[in-house]
Amino acid sequence: MLSILIVEDDITFSLMLTTWLGKKGFVVRSSSSVSDAKRRLGEEAFDLVISDLRLPDSDGIDLLKWLKSTHPSLPLIMMTSYAEIQTAVQAMKLGAETASERVKEVREEDGIKIIVTDQKEYPCKAVILATGVAHRHLGIPQEEALAGSGVSYCATCDGAFFRGKDVAVIGGGNTALQDAEFLSNYCNKVYVVHRRDEFRGESNLVDVLKEKDNVEFVLDSIVKDIEGKFMVERLFLRNKKTGEDFHIPVSGVFVAIGQIPQNEIFDGLVRLDENGFILASEDCMTSHPGIFAAGDCRTKEVRQLTTA
């Protein structure tokens, strides 16, 4: 019987998740902090850890790093969505074996595919590449330092933490506009910062935002830096037309400027397009027999959950 540790300080949600998993036949334990989770992991054996991203005494990233050094083969799910947890638990229930390891290479020897990780090698007859995409970053000095301290790449994940505060959304496509609409329901003020004078997103989304009293467009402007000592305090911007530098005080910055594939290690194994996406048809077959690509890592005309 599989054993799961839940690390979550919201007692109500933890109880709900524990009850649901218990009904599925899992042995479930819970911790409300990283320190308590480390204690339990030292005393008991678990098959899976499910952790919230933000915890009272630390965060899920700290727990992930600690697990990597002490329990390298123990899988950890960051609690970004209930659906993600359901999917992982369902796969394990059906007998899937999991490993939290970084893939360094995939090669073929005598018709057998060899997956090389930072821990070991896995021989197999077929491989499904489902590496998804990563959020494109602004590439400015303080962005990485303040990630998780006011800088976010997921409005639906983190928006509720900024209830009643002033925030900025960076970008001009559909994602940025949708993020701004979502945040306007929680935040006191939402600035939409775009480097051009017109948005690339759908006009109906722009019209919706124009009707909202707490949404303001900041056009023809680029982000020079994100300022703040420990948390985001303000944006440092420059107007492209006038050359004027100015600041906007905000508590949160949501970056929505696109996504990039993470297929570099597969270049040469399978064919990639000019943007780095895996060339694969709707049957998910790649240029290499026995290797398939699924989800957003492959070439697609429409990037939606229903087509992934």
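User: Why is Cys-284 called partly exposed?

Analyst: Cys-284 has a relative accessible area of 22%, and since the scheme used here calls a residue buried under 20% relative accessible area, exposed over 50% and partly exposed in between (1.4 Å probe, protein chains only), Cys-284 is placed in the middle class. The structure is a predicted model, in which local features need pLDDT of at least 70 and side-chain atom pairs count only at pLDDT 80 or more, while totals for chains, interfaces and linings use all residues. Residues are numbered from 1 along each chain as its sequence is written, and side-chain values use heavy atoms, with hydrogens and water left out.

User: Where does Cys-284 lie, and what makes its phi worth a remark?

Analyst: Cys-284 belongs to the loop between β18 (259–261) and β19 (291–293), where strands are DSSP runs of E with at least two residues and helices are runs of H or I with at least four, both numbered from the N terminus. Phi of Cys-284 is near 70°, a positive value in a residue other than glycine. Most residues other than glycine have a negative phi.

User: What makes Asp-110 exposed?

Analyst: The relative accessible area of Asp-110 is 84%, and the residue is therefore classed as exposed. Asp-110 sits in the loop between β5 and β6, and its phi is near 55°, again a positive value in a residue other than glycine.

User: Which strands form the open sheet that contains β6, and in what order?

Analyst: Three strands form the open sheet, in the order β5-β6-β7, with antiparallel pairing. Two strands count as paired if DSSP finds at least two bridges between them, and β6 (residues 112–117) is joined to β7 by four bridges. One of the residues involved is Ile-114, whose bridge partner in β7 is Pro-123.

User: Why are β5 and β7 said to stand at the edges?

Analyst: β5 (103–109) and β7 (121–124) each have a single partner strand, so one side of each is left without a neighbour in the sheet. From one strand to the next the twist averages 20°, where axes are lines fitted to C-alpha atoms (for helices over the stretch in contact) and angles run from 0 to 180 degrees between N-to-C directions.

User: How do you know that β10 and β17 pair, and in which sense?

Analyst: Strand β10 (residues 151–152) and β17 share two bridges and run in the parallel sense, with Val-151 opposite Val-253 in β17. Strand β11 (residues 166–170) also pairs with β17 in the parallel sense, over four bridges, and Ile-170 has Val-255 as its bridge partner there. In β17 (residues 252–255), Gly-252 and Phe-254 point one way and Val-253 and Val-255 the other, and all are buried. In a regular strand the side chains alternate between the two faces of the sheet.

User: What is the basis for calling Ser-152 buried?

Analyst: Its relative accessible area is 4%, so Ser-152 is classed as buried. Ser-152 is placed in strand β10 and touches Asp-158, Val-253, Phe-254 and Val-255, not counting residues up to four places away in sequence.

User: Why is strand β14 described as mostly covered?

Analyst: In β14 (residues 221–227), five of the seven residues are buried. Six bridges join β14 to strand β15 (residues 234–239), and the two run antiparallel, with Ser-221 opposite Asn-239 in β15. The hairpin of β14 and β15 has six residues between the strands, and Gly-228 takes a positive phi near 155° in it.

User: How many helices and strands does the chain have, and what percentage of its residues count as buried?

Analyst: The chain holds seven helices and 19 strands, and 42% of its 308 residues count as buried. Among the contacts with a separation of 6 or more, 56% come from residues 24 or more positions apart.

Note on methods
Contact = heavy atoms within 4.5 Å.
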